[in-house]
Amino acid sequence: MPPSGEVLASVSSALAVLLVLLACVELGDAAAAVGVYRLIQYDLAGAPLGSRAAALNHHAAALPLPAGADLSRSALVAPLLELPLSFLREYLVEKKHLGGLLILLPTNLGAKNGEVNSDDKGQPKSVLAGLEKLLVHEEVPFPVYFAFHDDNMDDLLADIRKIASSGQPASASTGGYKLIVPSLEPKKVSSPTISNIQGWLPGLKGEGDAEQLPTIAIVANYDTFGAAPALSVGSDSNGSGAVALLEISRIFSRLYSNPNTRGKFNLLFGLTSGGPYNYNGTSKWLRSFDQRVRESIDYAICLNSVGSWSSDLWMHVSKPPENPYIKQIFEDFSDVSKEMGISVGIKHKKINVSNSRVAWEHEQFSRFRVTALTLSELSTPPEFLESTGGLADTRESADVESVMRTVRLVSESLARHIYGLRGRNIDVFAEDSSLAISPHYIRSWLDLFSQTPRVAPFLQKNDPFIASLKKELSEHTADVHVQNDVLDGMFTFYDATKSTLNVYQVASVTFDLLFLLVLGSYLIVLFSFLVITTRGLDDLINIFRRPPSRKVKGA
């Protein structure tokens, strides 16, 4: 081959390779990756609930759908406020086939700065509460994922609807977008751990042992449960209760650090786990105590959802309000609340010992014959696995002022009980004193809770968040101890709580055929050109000429 022909062949080959690479780059640019959060998968007493699938590999579809649309091979992409619950309920009840579901959440639900759009505040949360209730308590045979609705998702939805407007659903023959979540089969979470954290402020020792002093317990569960475990931060339920407990321990530690102001009561602080699961951690925590310690507890105050109230708080009890202990505690709260210009009501709910279901944390104390109560902004007990820190319970759900009011109410009531100040209008924790409640401290911890998903089965016992709680409690109390136990076997949880969704723009078969035709034509022309320039036109013609038949000579 002449040198000029070799050079020309090399250039032409390079152009062919470049053309293929450009096509590949174009296809690569059409792909996008989005962080998504899977609907929880769990078993309750052997009954499968939540999403039972994780892998997704289907073409995207969007509402509104044409009549009679078959979604068995499609992944429906729907903004939260555009997804009718009746549509989803129909697919679940009638067991219709759906390839998958991607629910787009308003970005303000995940905002960490507390700024929300006043036009839609409340509405997305009420819709989301209904959606969670449906998805959590049903067996969902298809994969369900949550993602945040941003500008990129807006563009994706617009393109999907544009394709759908042609009257043909997205498929391999028509093109469109394909949603892929590569995921292995979800595995059971073996021996899920619940961790209880406790700390003591020992009272003033008398002639006897300090452990024999009466004890007042302040308790709050810190874990959550929701439709998407990786998004269940529970700022109000029950981040607000746990933060209030930390602040109460901080300001009382200053009183108890001085022997002259140390009370004659032991103060026990308990951050418990397993709250959404019948307060399983609280039950195990109480069982771990020596009987004498349990008998020394004068009463326990449980804090639950105290981050979004303005004037009304409720005291839930198991013993009748006429009970002398309950009556005295309620009067203490009432006296302080009147001075604060707020109202504290009382709600009595008798426990059913034969029923393992408990609605409030104090009911676990009542089962051990310990006087206890729950302070909450909720006037009625929540349903099972509801109001436990779901998707809508984000940072804007809890405000610093509400938590501060709770801390002041509890702390002033305790101080008057411990120091014998009943009937005396004395502010022990006055705003301008060294014992003042710190809004900065409360805000910082609310922010941290609002950034940390805390579904107990997915929190390891050595999780940094648990270590942070232990460290903080150690700063203010003594004998801090973490009790690790296994969640009771009534629940079985599965992993794969979050993943990456790959979005591909898929060309239609017509485009593929056209591309192959153009590429094939180019290669034929290139081949012919190379043969002509290197060997001549006659050689090219001979290549396509039918070879002459050979005659076989006879023997």
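Which residue lies over the face of Tyr-441? The legends below start with that spot; the model is a predicted one.

**View 1. Arg-250 over the ring of Tyr-441.** The answer is Arg-250, which is 5.4 Å from the centre of the Tyr-441 ring and lies over its face.

**View 2. Helix H5 against helix H11.** Here H5 (residues 235–256) packs on H11 (residues 439–449), with an angle of about 145° and axes 9 Å apart. The crossing of H5 and H11 is right-handed.

**View 3. Lys-347 over the ring of Trp-314.** Here's another charge-on-ring arrangement: Lys-347 puts its charged end over the Trp-314 ring, 4.8 Å from the ring centre.

**View 4. Tyr-277 and Phe-493, edge-to-face.** Searching the whole structure turns up 16 aromatic pairs. In one of them, the ring centres of Tyr-277 and Phe-493 are 5.6 Å apart and the planes sit at 70°; edge-to-face needs over 60 degrees, so that is what this pair gets called. The two partners come from distant parts of the chain, 216 residues apart: Tyr-277 is in the loop between strand E12 (266–272) and helix H6 (280–288), while Phe-493 belongs to strand E18 (residues 491–493). Buried means under 20% relative accessible area, so Tyr-277 qualifies at 2%. Phe-493 is buried as well, at 1%.

**View 5. Phe-384 and Phe-491, tilted.** With ring centres 6.2 Å apart and planes at 45°, Phe-384 and Phe-491 make a tilted pair. Phe-384 sits in the loop between strand E16 (372–376) and helix H10 (400–418), and Phe-491 is in strand E18, so the pair ties together parts 107 residues apart in sequence. Phe-491 has a relative accessible area of 7%, which makes it buried.

View 6. For context, the protein chain has 14 helices and 19 strands. Of its 555 residues, 50% are buried. Among contacts with a separation of 6 or more, 82% involve residues 24 or more positions apart. The chain exposes about 26,900 Å², with carbon and sulfur atoms supplying 54% of that area.

Methods: Residues are numbered from 1 along each chain as its sequence is written. This is a predicted model: local features need pLDDT of at least 70, side-chain atom pairs count only at pLDDT 80 or more; totals for chains, interfaces and linings use all residues. Side-chain values use heavy atoms; hydrogens and water are left out. Rings of Phe, Tyr and Trp (its six-membered ring) pair if their centres lie within 6.5 Å; planes under 30 degrees apart count as stacked, over 60 as edge-to-face and the rest as tilted. Helices (H or I, at least four residues) and strands (E, at least two) are DSSP runs, numbered from the N terminus. Buried means under 20% relative accessible area, exposed over 50%, partly exposed in between (1.4 Å probe, protein chains only). A charge sits over a ring if NZ of Lys or CZ of Arg is within 6 Å of the ring centre and within 35 degrees of the ring normal. Contact means heavy atoms within 4.5 Å. Accessible areas come from the Shrake-Rupley method with a 1.4 Å probe; for residues, only the protein chains shown count as cover. Axes are lines fitted to C-alpha atoms, for helices over the stretch in contact, and angles run from 0 to 180 degrees between N-to-C directions. A crossing is left-handed if the near helix is turned anticlockwise from the far one by less than a right angle, and right-handed if clockwise.
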